[in-house]
Amino acid sequence: MAVAPAAPAQQELSGENLARWMKANVDGFAGPIQAERFAGGQSNPTYRLTTPTRSYVLRRKPAGVLLKGAHAVEREACVMGALHGAGFPVPRIHGLCMDESVIGSWFYVMEMMEGRIFWDATLSMIPAAERGAYFDAMNATLAQLHCVDYQSIGLGDFGRPGAYVERQVRRWSKQYFEDEAAGRNAHMDLLVDWLPRNIPAGDETSIVHGDYRIDNLMFHPTEPRVIAVLDWELSTLGHPLADFAYHAMMYRMPPDILGGIMGVDLAASCLPDEAAYVRSYCQRTGRQDVADLDYYVAFNMFRFAAILHGIRGRVIRGTAASAEGAALASRFERVAELAWGQAQK
């Protein structure tokens with residue numbers, strides 16, 4: 001991950017309050033702390049904490065007025081802690097702090113892992129013959145997540161089983177309507193009406209990541225192996241096919257949006273096509289097919305558009321957690337139009 005230059009918030013993290021909390025809650029901690037913010041992290045700012053003996057990662061809520069239920073760092077810490085204990089590739093959680101007096105917001109501290117994060121989903125920096133193995137590792141890791149017995153690892157109350165898509169459509173529609181500063185969009189208004197009337201029959205429940213894409217994965221320093229799945233803010237109990245469709249949405253997104261690979265010559269790039277990728281996931285999860293993939297992609301594009309709409313609102317209110325917020329927010333209309341195009345299929 002790229003690291004941004006120091007700023008007042010980073011200097012605050014290097015102060016005595018955080019060092020005192022770390023000493024009381026993190027085994028083996030010894031200061032002083034030097035804090036640097038990672039690039040990215042639109043929702044919850046993320047920092048590298050460097051000490052004389054080791055490094056940590058701190059993830060916090062952003063400053064300012066926040067939407068109810070958003071930026072839930074405590075949920076991230078909960079799901080990652082449970083999954084780490086189950087052997088799923090996530091960093092170890094050292095501690096969660098819900099005392100705002102320490103650094104001004106809730107936060108958690110986790111293990112600093114060393115590996116590679118790819119921002120280019122075509123993996124152009126990897127030898128062509130090896131790219132398929134990286135895609136297969138992404139596929140296998142998501143299938144592994146969806147096969148975790150969430151009850152047995154203590155996540156039975158992490159969300160409400162059943163009706164995930166219905167609840168998500170309702171949630172993101174509500175946030176879209178409530179964020180008046182960010183404005184309205186004709187395609188979003190159409191989707192708010194169309195999506196709840198066309199939810200596929202049948203339901204399943206698993207842990208869902210909610211934002212599973214290549215730049216939220218850390219790969220081994222030299223091998224095509226996922227060593228850490230990051231950014232669990234949108235995780236809950238939900239429908240695994242909706243979660244898979246969000247990931248597979250890369251095949252239907254342009255390269256400048258969410259790491260899309262639409263329009264890429266997949267064969268020439270030695271990457272699997274969408275049909276092959278879906279088959280691999282189905283084989284790993286014991287399915288015949290994903291019959292309603294088009295609907296789930298439309299739903300996920302709508303959800304992503306709603307997230308961009310929220311970022312636009314934070315930019316307008318001056319609470320965006322990243323300097324790239326305005327650029328991301330500018331993609332809102334295009335994603336909403338893509339979503340409506342999927343719905344019309």
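Reader: How do you know that β4 and β5 are paired, and which way do they run?
Author: Two strands pair if DSSP finds at least two bridges between them, and four bridges join β4 to β5 (residues 107-111). The strands therefore count as paired by that rule, and they run antiparallel. I93 stands opposite M110 in β5. The names follow DSSP runs numbered from the N terminus, with at least two residues (E) for a strand and at least four (H or I) for a helix. This is a predicted model, in which local features need pLDDT of at least 70 and side-chain atom pairs count only at pLDDT 80 or more, while totals for chains, interfaces and linings use all residues. Residues are numbered from 1 along each chain as its sequence is written, and side-chain values use heavy atoms, with hydrogens and water left out.

Reader: What makes β4 an edge strand?
Author: The open sheet has five strands in the order β1-β2-β3-β5-β4, with antiparallel pairing. β1 (34-37) and β4 (93-97) each pair on one side only, which makes them the edge strands. Neighbouring strands of this sheet are turned by 25 degrees against each other on average, direction ignored; the axes are lines fitted to C-alpha atoms, and angles run from 0 to 180 degrees between N-to-C directions.

Reader: Why is T51 called buried?
Author: Buried means under 20% relative accessible area, exposed over 50%, and partly exposed in between, with a 1.4 Å probe and protein chains only. T51 has 9%, so it is buried. This residue lies in the loop between β2 (46-50) and β3 (55-60). It touches F29, A30, P32, I33 and Y56, leaving aside residues up to four places away in sequence; contact means heavy atoms within 4.5 Å.

Reader: What makes the pair T122 and D120 a polar contact?
Author: A polar contact is a pair of N or O atoms within 3.5 Å; within protein, one must be able to donate a hydrogen and the other to accept it, and residues adjacent in sequence count only if both atoms are side-chain atoms. The side chains of T122 and D120 make such a contact at 2.7 Å. T122 is in the loop between β5 and α4, and its relative accessible area of 16% makes it buried.

Reader: Why do A163 and D231 count as partly exposed?
Author: A163 has 31% relative accessibility, so it is partly exposed. D231 has 23%, and so it is partly exposed as well. A163 has a positive phi of about 55 degrees although it is not a glycine, and D231 has a positive phi of about 60 degrees, again without being a glycine. A163 is in the loop between α4 (128-146) and α5 (164-178), whereas D231 is found in the loop between β8 (226-229) and β9 (236-238).

Reader: And I311, buried or exposed?
Author: I311 has 4% relative accessibility, so it counts as buried. It is placed in helix α9 (residues 293-317). I311 and E180 are 131 residues apart in sequence and 12 Å apart in space, C-alpha to C-alpha.
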